[in-house]
Amino acid sequence: MFLALRELRFARWRFTLMGSVVALIAVLVVLLSGLSSGLVNDGVSGLQRLPVTAFAFDDGTKLDAAFSRSVVDREQLDQWRRQPGVRDATLFGNLLVNARSSRDVPIDLAMFGVEPGSFLSPPVAEGAALGRPDGIVVSRTALDAGLRVGDTVVIDRIGARFTVIGATADQRTYGHVDVAYVPLAAWQRLHQGAGPGEALRGSASAEATAVAIQADGDLDLAAGDAAAGTTSFDRIEAYGASPGYTAETSTLQLIQAFLYAISALVVGAFFTVWTINRRAELAVLRAMGAARSYLLRDGLVQALVVLGASIGAGIVVGVGLGGLIRGSAVPFAIEAPAVLTAGVLLVVLGLAGAAVAIVRIAAVDPLTALGAQR
């Protein structure tokens, strides 16, 4: 470590330049991590906050169309309630609508049809709980968009009118659209497209998008599907049914993977050049009896100091920039576990790149230091 620290002081500007590049990569990784978390929250936070183990959709329903095309009924619900390990099950409706408030505020809503009083009924931080036949409970972000408790919301083309009776304490969105919880009976009218005074068709009052299942311990989804004639996905898998979720998250994860690879290559290239420049000095140490493991450890400590300082600075700058972005319309969320994971990965991959370069130390011939190549 003595040699490593001496070289850091002697060539401080070279290491500062190298550290600046790594710090910029760290800033980009933090910002991408925040964008990824923000997009996930904006896309599926409504599903994340449902106390659900799994969703059962109509038989044969593909994941990418699950919440838009599936239709299940109460017979399938009853079958699931009888399955071993199921604590509770209820019908769940999902529908995207365009609406306008009584104060002429246009807003898109993801209407979650739930039975009032069931485990899907949302807790409210403002106003009253779900219960009125024409009442809806909206996400906190819907209030930020211009809705107010007490407003009347009119659904486009159908003309159905609802009153905002409450709001949740947190963000609940689906497909980048604010969630509004509505009684299942009212959701069934919306799903059929029945306007005020229109009667429902016979089976509509027993239909919903999916069966929401709460389980105690292990749940045999395959056995439940066979009995109920459904196709089930656990809650995490069901996120893939949110519009754009898979494409958005996959793209950002791919960009992050490239940044990690670039970080390893940049650090590896720098230490390759640095090792070549100090080859004679390392050969002197070998001639004086220094073990190869010592030289390798010395070089890795040097790399760790550079990486730790630069990545730490990059994370601080990235979090600061993220705080500025978070106040804008861009979906952005800094999550400590994601940021720490990104930082650790950058350090590990950077050390791996440096180790590959420093391995050449083991091949240094001590005779080089004695003038054999001069």
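A: Let's start with arginine 172, which sits in the loop between strand E8 (161–167) and strand E9 (173–174). Helices (H or I, at least four residues) and strands (E, at least two) are DSSP runs, numbered from the N terminus. This is a predicted model, in which local features need pLDDT of at least 70 and side-chain atom pairs count only at pLDDT 80 or more, while totals for chains, interfaces and linings use all residues. Residues are numbered from 1 along each chain as its sequence is written, and side-chain values use heavy atoms, with hydrogens and water left out.

Is arginine 172 buried or exposed? Its relative accessibility is 7%, so arginine 172 counts as buried. Here buried means under 20% relative accessible area, exposed over 50%, and partly exposed in between (1.4 Å probe, protein chains only). Setting aside neighbours within four places in sequence, arginine 172 is in contact with Ser45, Gly46, Arg49, Pro122, Pro123, Ser139, Thr141, Val177, Asp178, Val179 and Tyr181. Contact means heavy atoms within 4.5 Å.

Val138 belongs to the largest nonpolar core, which has 35 residues; Met111, Ile136, Val138, Phe162 and Val211 touch the most other members. The largest share of this core, five residues, comes from strand E3 (residues 86–101). A second, separate core of 29 residues includes Val44, Leu50, Ala110 and Tyr239. A nonpolar core is a set of buried Ala, Val, Leu, Ile, Met, Phe, Trp, Tyr and Cys residues joined through side-chain atoms within 4.5 Å. In soluble globular proteins, nonpolar side chains tend to be buried together.

Now follow the chain past E9. Histidine 176 lies in the loop between E9 and strand E10 (177–183), and at 32% relative accessibility it counts as partly exposed. Its phi is positive, about 65°, although it is not a glycine. Arginine 157 also has a positive phi, near 70°, and is found in the loop between strand E7 (152–155) and E8. With 79% relative accessibility, arginine 157 counts as exposed. Most residues other than glycine have a negative phi.

Next comes leucine 184, in helix H6 (residues 184–192). At 1% relative accessibility, leucine 184 counts as buried. Besides Gly113, leucine 184 touches Arg74, Leu91, Gly93, Val114, Glu115 and Ala208, not counting residues up to four places away in sequence.

Finally, let's step back to the whole chain. It has 12 helices and 13 strands. The radius of gyration is 29 Å, well over the 21 Å that the globule rule gives for 374 residues, so the chain is more spread out than a compact globule. That radius is taken over C-alpha atoms, and the rule is 2.2 Å times the number of residues to the power 0.38. Along its principal axes the C-alpha trace spans about 100 × 50 × 30 Å. Of the 374 residues, 48% count as buried. Among contacts with a separation of 6 or more, residues 24 or more positions apart account for 79%.
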